[in-house]
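Look over the sequence and the model first. Then work through the questions below.

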Amino acid sequence: MTAAAFDPAETTADVIIVGSGAAGGMAAYSLTKAGLRCLMLEAGRDYDPKAEVNMMAPESDAPLRGAATPDKPFGYFDATVGGGWEVDGEPYTMREGTDFRWYRARMLGGRTNHWGRHVPRWGPYDFKARSRDGLGVDWPIGYDDVAPFYDRVERMIGVNGGRIELENHPDSSPGCLMPPPKPRIPEMLLEATCESMGIPVRAAHTAVLTRDMPDDVAPRSACFNATPCGRGCTIGAMFQTTTSFLPMAKATGKLAIVTDAMVSKVVMASADRAAGVDYVDRKTGARHRVRARAVILAAGTCETTRLLLNSGDTPAGLANSSGQLGRNLTDSTGASFRAYVPALAGRPRYNEDGIGGQHIYIPFWLYQEQQRGELDFPRGYHFEIGGRFGIPPAAALPRVWGAGLKKAVRAASGATIGMTLRGEMIPNKDSYCEIDPGVKDRFGIPVLRFAFRWSQHELNQVAHGQRTAHAVFRRMNATILDPELPPEKLITAGGEIIHELGTARMGPDARSSVVDSYGQTWEVGNLVLMDGAIFASGAHKNPTLTILALALRASERLAARFKTGAFA
Amino acid sequence: MTPSRRETLQWVMAAAALPLARWTPPAMAAGTDTPPPFDVVADWPDAVPPPLPARGYGRDPDLMAPKVPWPLTLNKAQRATVDLLGDLILPADEQSPGAGTLGVGAFVDEWISAPYPIQRQDRAQVLGGLMWLDAQSRALHGAAFDAITPAQRAGLLDALVVTTPVTSMAKPVAFMDTLRYLFVLGFYSLPEGKADMGFIGDQPTPGDYPGPTPEALAHFTDMLDGLGLPVS
């Protein structure tokens, strides 16, 4: 059933795909199915969740009880390999006054191995934000262009969720979603409280199977309602390219994967045609050049941008006549609010593991108020919800010792609720990445330097979120555990939410953008970008579903161009 | 790292895994209030022994065979004192053994020996605190903490859980905050600690997530009633 991969040393690939995460995985799946030979280059090491994920071990088996450390920022058992906020020997730098975090994994499958799995659909406003508030730019495409691809991607990766039926939160077509899990008690309390205050609560859309997904090559099982998803999933319930697109694409015999391949630049056949890429073997340091008829960059927003900035004949980089390359860098805003809810203290125990993360969330609900100018921030946010049995946070425990402390832990377990804000940032001129003129990584490749600043739009938005969350907590007679902080202290650092986007944006023409709506660079006809770099704006909604939908759309366009002889 | 940043990262982590909450100390305003119930307060030690050279487990450890690669810090007497404190702060009761009896001293040793920034801070606090505790114990009662009477120990611990300590007691109280947090983390992440909390989970449950039990739903209905919220 599984065909042997072609040998890239013997046979020239049709397409080189740089990166194996959401976008690269989708490209490999779609293009191999269309009959094209793909050579995938992944900077990280080979990785097989089925062999390497320690799904069931208790945290007490891990050093420091699995607590986060600089080596493993999301805990010992988290799936991230070889990276985190830092990668040894591969630094990035910052302009003075900037606090930016760049999360990188160095593994096959990239960040899909340990991602957040929250996959809300974007709506019509999210693609045409400038038309509503005059800020940023509109996308050259609208919701109707992307909707059919959302439908297909939801079915391809497996998404559970319910109907939303709210302005700018379009519902999926029938048959796209698997049934969502029942909410847990703290989520039900939050729902009752919020709905009484006019704040909607809905079943979240989550890329975790609640029904089996049979497949000859890569069958995936429904979630068995246990184990933390960030470790990765040996049964394939959570979407990862390493348990889905990559084995499926390999089975066609049309995909060759080279891991530990750190691509350093795009090499050119002529001014408007890419010949292939150069890469460094991360283990041996050996340098290689590979060629293909088309090149896809899906290395992750900032790594893709770095590659283009390090390519071409001029300091401006490749495909950058617009000057937009590296600019318009955004991340989601973030802020977290927590409370101890006496009404939940000592409640009856039952299994609250569920499908891992949140079962419900709060979609943005104030579009009308925003349109009428009643809010002091132009773009939306949502709340992700937390609250389960477990070790209570120290802030929820009294300063006591002895028998009273044990009683307090029992009472507070499962009695705290968290509301985590994720909001839209508007691109600003002070937030960008560029090549640091003085610093190279251990392979000799010039590194990125970041500049980042939140504007008053984002600070006002986060302040509104704080007032809202605290009002919700007060309505449930809860004790707020957050220190009272102004929004500039409350808001996360740039990059910290790991939704970096926009640094090679799409647009209507070569003057104002780097790529067209299919990710094709305006200047190099066979060079296509497929990751978050091409986003024209961010939306408050998590980006991965849209990355996948746009990658599918771009891959099918590319395959069609192959068929019509564009790269003959 | 500002407190807010630490707070944010801890929630990211707590949301991602079993709620293994990172530490935020309760609010404390030093120097304002609550004098200790004794006249003499020992000085906080000027310095603690420097840590041994050590490496972390790296960015790609073997997840199937977890290991603690760094050397430990505490000597036998210090380890015994930490276990003694564990049995005082989280004592045996009808639901579970004391934290010291379950070996929480070994966990504290592993923690404060780790070559990471938060653990290095906690190391200074815990080692300094153990030295201070013996010094204060000698000043008041003429013997180290492990040799004084249970009532004398209780008196000392009571002085370390005040909300607004005088300046001379701020560091000792912060030490106790750290130790208490480590005991809670170390104890309740063990099977015995999870059982003590009545935690149910970590077991595959194929099929649709069953959701709350009828008992939990009945309790929830009463909860809404008590809060004056409509039952949907």
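**Confidence, contacts and domains**

Chain B of this predicted model averages a pLDDT of 89, and 86% of its residues score at least 70.

Q: Over which residues of chain B does pLDDT stay under 50?
A: Where pLDDT is low, the predicted coordinates should not be read in detail. The model has 57 contacts beyond four places in sequence for this stretch of chain B. The stretch with pLDDT under 50 is residues 1-23.

Q: Which helix supplies the largest share of the side of chain B that touches chain A?
A: On chain B, 76 residues are in contact with 83 residues of chain A. Helices H1, H2, H3, H6 and H8 of chain B each supply at least two residues of that side. The largest share is 10 residues, and it comes from H1(B).

Q: How many residues of the side of chain B that touches chain A are nonpolar?
A: Sort that side by class. Charged residues number 10 and polar ones 18. The nonpolar count is 48.

Q: What distance separates the centres of domain 1 and domain 2 of chain A?
A: Domain 2 of chain A covers 184-204, 333-423 and 455-490. In domain 1 of chain A, 16 residues are in contact with 19 residues of domain 2. Taken over C-alpha atoms, the centres of the two domains are separated by 32 Å.

Key:
Residues are numbered from 1 along each chain as its sequence is written. Chains are lettered from A and ligands numbered from 1 in the order in which they are written. This is a predicted model: local features need pLDDT of at least 70, side-chain atom pairs count only at pLDDT 80 or more; totals for chains, interfaces and linings use all residues. Two residues are in contact if their C-beta atoms, placed from the backbone, lie within 7 Å. Helices (H or I, at least four residues) and strands (E, at least two) are DSSP runs, numbered from the N terminus. Ala, Val, Leu, Ile, Met, Phe, Trp, Tyr, Cys and Pro count as nonpolar, Asp, Glu, Lys and Arg as charged, and the others, Gly among them, as polar. pLDDT is the predictor's confidence in each residue, from 0 to 100. Domain bounds come from an automatic or database domain assignment.
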